[in-house]
Amino acid sequence: MRILILGGSGLISQEIVRQLIGLGDQVAILNRGRTAADLPDSVERLTGDRGTIGRLRPWISDRGVDCLIDMIGYSAEEAAGLVELSRGAVEHVIYCSTVDVFEKPQPCYPVRETAARAARAEFPYAVGKVESELLLERAATGGDFQLTILRPAQTYGGPAHGPVHPLGH
């Protein structure tokens, strides 16, 4: 499988890249090139930012990209650009969101996929993720691509962060 990851140098996305390479997939990443990433040599590295992703459409077609993973989308405007880039060009889009899209506090845990998405207005990061999810879901329902949404709850660790005690001490 040929996969393009928007991002690729963060904690979660570096591990995704390593896992995909381990499965034998061909992986390319697009990021600003400002953060060092310890990735396998086989990873193709593209330099750019959200403002340049529209120029990737010919590259995606030439490479026959099967899946696009967006690890760095934060707003509905960025999600709209992702839809335009992906529509009819890739089979599957994976979007990294956040568990903070769900209403808080929840009546029960763990949070279920059927829980109401109602990010708090004072948390614009989560509000942008909700708006992005809804826009991407409309595109997927319209047949533009298959969609998977990831919603990490807690992430920590990595070489830049040092050891983390399991209890947070």
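A salt bridge is a side-chain nitrogen of Lys or Arg within 4 Å of a carboxyl oxygen of Asp or Glu, and the side chains of Arg50 and Asp70 meet in one, at 2.8 Å from N to O. This is a predicted model, in which local features need pLDDT of at least 70 and side-chain atom pairs count only at pLDDT 80 or more, while totals for chains, interfaces and linings use all residues. Residues are numbered from 1 along each chain as its sequence is written, and side-chain values use heavy atoms, with hydrogens and water left out.

**Salt bridges**

- The structure holds eleven salt bridges, among them the pair Arg50 and Asp70.
- Arg50 lies in the loop between strand S3 (44-47) and helix H2 (57-63) and Asp70 in strand S4 (residues 67-70), so this pair ties together parts that are 20 residues apart in sequence; helices (H or I, at least four residues) and strands (E, at least two) are DSSP runs, numbered from the N terminus.
- Arg50 counts as buried at 18% relative accessibility, and Asp70 counts as buried at 1%, where buried means under 20% relative accessible area, exposed over 50%, and partly exposed in between (1.4 Å probe, protein chains only).
- Glu84 and Arg87 also meet through their side chains in a salt bridge, at 2.6 Å from N to O, and Arg87 is partly exposed, with a relative accessible area of 33%.
- In the salt bridge between Arg151 and Glu133, the closest N and O atoms are 2.7 Å apart.
- This pair links distant parts of the chain, with Arg151 in the segment after strand S6 (146-150) and Glu133 in helix H4, 18 residues apart.
- Both Arg151 and Glu133 are buried, and a network of salt bridges links Glu113, Arg117, Glu133, Glu137 and Arg151.

**Helix packing**

- Helix H3 (residues 76-86) packs against H4 at an angle of about 25°, with their axes 8 Å apart; axes are lines fitted to C-alpha atoms, for helices over the stretch in contact, and angles run from 0 to 180 degrees between N-to-C directions.
- That makes H3 roughly parallel to H4, a term for angles under 35 degrees, with over 145 counting as roughly antiparallel, 65 to 115 as roughly perpendicular and the rest as oblique.

**Cis peptide bonds**

- Lys104 and Pro105 are joined by a cis peptide bond with omega of about -5°, and Pro105 is found in the loop between strand S5 (92-96) and H4.
- Another cis peptide bond joins Tyr109 and Pro110, with omega of about 5°, and Pro110 lies in the loop between S5 and H4.
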